[in-house]
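I opened the file and worked through it one topic at a time. These are my notes, in the order I took them.

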Amino acid sequence: MVDIQTDVAIIGAGTAGLAAERHARQAGARTLLIDPYFAGTTCATVGCMPSKLLIAAGNAAHTARMADGFGVRLPGPEIDGPAVMKRLQAQRDRFVDATKESIDDLPDGTCLKARAHFTGATSLALEDGRAVQAKSIVIATGASPVIPGPFKPVEDRIITNETLFERADLPKSVGVIGAGPLGLEMAQALARLGVRVEVFDMGETLGGLPKGEVETSLRDALGQEMPLRLGVKPEAQRSSDGVKLSWSGAESGEAAFDHILVAAGRAPNLKGLSLEAAGLELDEHGTPVFDPDTMQCGDAPVFIAGDADHDRPVLHEASAEGTIAGTNAAGFPHVQPMRRKVPLQIMFTDPNMATVGTTEGEEIVCGRADYSDQGRAKAMRVNRGQCEIFADARDGRLTGARLVGPEIEHIAHLLAWSVQDRVTASVLLDRPFYHPTLEEGLKSALQQICAAVSAPKSPERDDGFLPGAS
């Protein structure tokens with residue numbers, strides 16, 4: 001028996017699910033958005049926004065400590081942990097409320113608060129016993145933090161991004177498990193707020209970067225603020241007043257912490273969906289195999305978007321994937337591939353780290369920029385980092401970048417736009433560079449690319465030395 005009929009059913013009301021519903025409805029489909037909570041997006045509740053609020057607080061404390069280097073005498077900052085968390089939660093709640101208001105504005109009958117699982121490729125069962133029949137279905141159930149098995153015995157002492165921002169006060173000491181973007185961002189922010197922090201990871205590099213000058217510059221910078229223990233296997237056991245971590249591998253040792261902050265990745269929320277009932281092909285991780293240009297799972301009337309597909313776990317990609325999935329779900333069986341954005345990922349540590357586009361290939365050349373000796377960066381006392389820009393060896397068209405440096409989040413956008421528009425290094429050098437700016441630091445890398453590909457130089461361009469430009 002079918003209790004509810006719709007054109008497109010979307011499971012999950014996060015960023016991807018909301019985008020999918022919106023675009024399916026705009027394409028003329030009747031939509032049903034199913035979620036057990038409607039609590040707001042991951043970004044607003046436990047991700048992008050609260051993490052940046054904590055980072056901003058840490059940076060404020062760090063700026064006060066660094067003032068002496070400019071001849072500005074300030075007393076050491078006094079960190080009021082409860083006040084830090086109170087501001088974070090108040091601002092976070094405003095972002096969450098804005099998201100909830102957008103959900104409240106959806107047409108009547110669109111939202112259905114329930115859990116759902118597949119009973120067929122186009123049918124769902126709800127936890128209250130009702131059945132849903134749709135022409136197509138979008139999976140947008142998001143992801144949740146992974147707690148590795150060795151840390152289960154001390155689970156009551158574990159913090160994740162889903163619990164950190166609910167605390168009334170800052171922890172006194174934290175062992176951070178995971179040297180990826182989330183772990184490093186939170187580790188540095190907490191360290192700057194006076195929390196004793198150490199970072200542990202079985203990998204040998206930070207932030208997913210390969211070994212090389214860029215990664216080394218990041219490690220040197222962050223290593224000045226907290227111990228980074230890479231290439232080690234940490235193990236946890238309960239202590240009288242917290243957790244004792246011991247580690248072995250590239251080095252060995254042990255230390256006591258009040259809490260462990262686990263940032264070891266996030267796994268798609270697919271358990272309980274009964275994917276097998278939909279007849280979907282699954283990969284070795286149990287995730288449906290899908291086409292990233294259409295978001296369709298095989299040839300089924302099922303689409304997937306956002307963190308649920310474990311492909312590009314960042315907000316702007318979740319929004320883009322939801323758009324593609326919702327549009328194609330509404331048009332099924334007519335499914336059209338859509339252009340994906342150039343990959344862009346930013347880590348908001350200080351210095352920032354970013355990766356753009358494609359950095360590997362046989363016919364790729366590289367230009368390098370050193371921000372440890374860059375004029376504007378030196379003036380601001382933030383001269384740290386190395387950058388690599390990659391281009392096609394045949395014509396100098398930019399393909400990607402690996403970047404560590406001050407406020408590199410902005411430069412990363414400029415390069416991502418340039419890669420997507422297939423701009424050459426020579427064309428960028430013909431554009432205005434104001435002096436003195438951080439953007440100016442890219443000129444040396446672009447000039448190296450032009451030399452490597454023998455790009456012609458416009459007669460009006462001056463590639464000569466400019467003090468403080470590099």
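The model is a predicted one.

**Entry 1: cis prolines**

The bond from F332 to P333 is cis, with omega near 15°. I found P333 in the loop between α7 (315–331) and β18 (344–347). The bond from H435 to P436 is cis too, and its omega is near -5°. P436 sits in the loop that runs between α10 (425–429) and α11 (443–452).

**Entry 2: positive phi**

Next I went through the backbone torsions. S274 is not a glycine, yet its phi is positive, about 55°. It lies in the loop between β16 and β17. I have S274 down as partly exposed because its relative accessibility is 22%, and the buried class stops under 20%.

E407 is another non-glycine residue with a positive phi, near 50°. Its place is the loop between β22 (398–405) and α9. With a relative accessible area of 44%, E407 counts as partly exposed.

**Entry 3: helix α3**

Does the length of α3 agree or disagree with its residue count? The helix has 19 residues (48–66), so at 1.5 Å a residue it should span 27 Å; the C-alpha atoms at its ends are 26 Å apart, which agrees.

Then I asked which residues of α3 are buried. They are P50, S51, L53, L54, I55, G58, A61 and H62. These buried residues pack against α2 (42–46), α4 (81–104) and α5 (181–192).

**Entry 4: second largest pocket**

I turned to the second largest pocket, which has a volume of about 640 Å³. It is lined by 25 residues, and those closest to its centre are N59, H62, R192, D350 and V382. Two elements, α3 and α9 (408–420), each give two or more residues to this lining. The largest share comes from α3, with seven residues. By class I noted nine nonpolar, eight polar and eight charged residues in the lining of this pocket.

**Entry 5: the cavity**

How many cavities of 30 Å³ or more does a search of the whole structure find? I got one. The largest cavity has a volume of about 30 Å³. Its lining is made up of I55, G58, N59, E185, Q188, A189, R192, F348 and T349. The elements giving two or more residues to it are α3 and α5, and α5 gives the most, four residues. The lining of the largest cavity splits into three nonpolar, four polar and two charged residues.

C387 is in no disulfide either, with the nearest cysteine sulfur, that of C366, 10 Å away. At 1% relative accessibility, C387 is buried.

I picked D258 in the loop between β14 (253–257) and β15 (259–262). Its relative accessibility of 21% makes it partly exposed. D241 is 17 residues away from D258 in sequence, and their C-alpha atoms are 6.9 Å apart. Beyond four places in sequence, D258 touches R157, K172, S173, D241, G242 and V243.

T160 is in the loop between β8 (158–159) and β9 (173–177). Is T160 buried or exposed? It is buried, at 9% relative accessible area. Not counting residues up to four places away, T160 touches P145, I147, L261 and V262.

T294 belongs to the loop between β16 (266–268) and β17 (302–304). Its relative accessible area is 6%, so T294 counts as buried. Leaving aside neighbours within four places in sequence, its contacts are F303, I324, A325, N328, V335, Q336 and P337.

Conventions. Residues numbered from 1 in each chain as written. Predicted model: local features only at pLDDT ≥ 70, side-chain atom pairs only at ≥ 80, totals over all residues. Heavy atoms only, no water. Expected span 1.5 Å × (residues − 1). Buried < 20%, exposed > 50% of the residue type's maximum accessible area, 1.4 Å probe, protein only. Contact = heavy atoms within 4.5 Å. 1 Å grid on protein atoms, 1.4 Å probe; cavity = no way out; pocket = protein on both sides within 12 Å on 5 of 7 lines; lining within 4 Å. Points joined across faces, edges and corners; volume = space filled by probe spheres on them. Nonpolar A, V, L, I, M, F, W, Y, C, P; charged D, E, K, R; others polar. Disulfide = S-S within 2.5 Å.
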